[in-house]
Amino acid sequence: MQKYTMIPERLLAEGTITTENFFAPKRLSEEEILTTHTADYWQQLKTQTLPRKEARAIGFEMTSELVERGRYIAHATYECALYAQQYGVAMNVAGGTHHAFADHGEGFCVFNDVCIASNLLLNRGQVQRILIVDLDVHQGNGNASIMADEPRVFVFSMHGAKNYPFRKQLSDLDIELDNDTGDAEYLQILEVTLPRLINKFAPDMIFYQSAVDVLATDKLGKLSLTIEGCKARDEFVLQQAKAANIPVAIVMGGGYSEDIEDVIEAHCNTFRLAQQLFFSELIE
Ligand SMILES: [Zn+2]
């Protein structure tokens, strides 16, 4: 939880961003929640009557504050997509709650922000085809399940084969990596896969889950990327989006290294790269 305040502070302190780069998101309405989540699940969240077993699967103590926080974060992801249409890229300083299903939450995820944002964009005719590039070490099982019958959303998840969730869902493309997969192999797979997907599916919006739980230092993730490898990964994804002129909205996802500095540094790199690749000519 600490990272959500430390990352913006770090980026401001070092001058990567200024306060003008922030927006304050609106709160997701009930109607917006119901584009993606079931009425039963929403009622349980709203009235704080989630069965104890289901609350345990989420892993946080269920409070109305947690639900409120989730509503703002999910709407922020939607707003990021709109800002990305305007500026090329926009980033949520949270989000990426890809383990939330339509009818239940799990793995620290209550609402599925990327799926909600996707449904809103499609329903409102703001985009036609969405590519989700989920490079969190954990499979985006919620995304896969929610978007299973939605041909306008392509879910690509590259994750640790031996990582949670142990029963995986079927995405449009799943790439499962062995334990201890390192920079070279990881980047090579990404470099052959992503351009092909962009070419074939021709999205007009990309959601990129830039989680840093792929790091070797991560306590939960079983892969072995270095901070430099993780940065090269982000750079490749952002360059691909930029070169193809596709707006990219970035959500943070997980990161659980023992030393929080590793988490902060790797996440901040994503913001630094976005600044460099999309806005540096404005600064010069
Ligand atoms: Zn994760």
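**Notebook: salt bridges and the zinc site**

I began with Glu265, which is partly exposed at 29% relative accessibility. I then followed its contacts and found that salt bridges with shared partners join Glu14, Glu265 and Arg272 into one network. I note here that the model is predicted.

**Entry 1**

I looked up the pair formed by Arg272 and Glu265; their side chains meet in a salt bridge with an N to O distance of 3.2 Å. I next took Glu14 and Arg272, whose side chains also meet in a salt bridge, here at 2.8 Å from N to O. I placed Glu14 in helix 1 (residues 3-14) and Arg272 in helix 10 (residues 260-283), so this pair ties together parts that are 258 residues apart in sequence.

For Glu14 I read 36% relative accessibility, which counts as partly exposed.

**Entry 2: the remaining search**

How many salt bridges does a search of the whole structure find? I recorded nine. Among them I looked up Glu150 and Arg152, whose side chains meet at 3.0 Å, N to O. I noted Glu150 as buried, at 15% relative accessibility, and Arg152 as partly exposed, with a relative accessible area of 35%. As background to these pairs, I note that side chains of opposite charge can pair when their charged atoms come close.

**Entry 3: the zinc ion**

Which residues coordinate the zinc ion? I listed Asp136 through OD, His138 through ND1 and Asp213 through OD, at 1.8 to 2.1 Å. I wrote the spacing of these donors along the chain as D-x1-H-x74-D. I traced Asp136 to the loop between strand 2 (130-134) and helix 7 (141-146), and Asp213 to the loop between strand 5 (205-209) and helix 9 (227-243); the pair therefore ties together parts that are 77 residues apart in sequence.

I checked the accessibility of both aspartates. Asp136 is buried, with a relative accessible area of 1%, and Asp213 is likewise buried, with a value of 0%.

**Entry 4: summary**

I close with two points. Arg272 meets both Glu14 and Glu265 in salt bridges. The zinc ion is held in my notes with Asp136, His138 and Asp213 as its coordinating residues.

Conventions. Residues numbered from 1 in each chain as written. Predicted model: local features only at pLDDT ≥ 70, side-chain atom pairs only at ≥ 80, totals over all residues. Heavy atoms only, no water. Donors = N, O, S within 2.8 Å, 3.2 Å for Na, K, Ca; no water. Helix = DSSP H or I, 4+ residues; strand = E, 2+ residues; numbered from the N terminus. Buried < 20%, exposed > 50% of the residue type's maximum accessible area, 1.4 Å probe, protein only. Salt bridge = Lys/Arg side-chain N within 4 Å of Asp/Glu carboxyl O.
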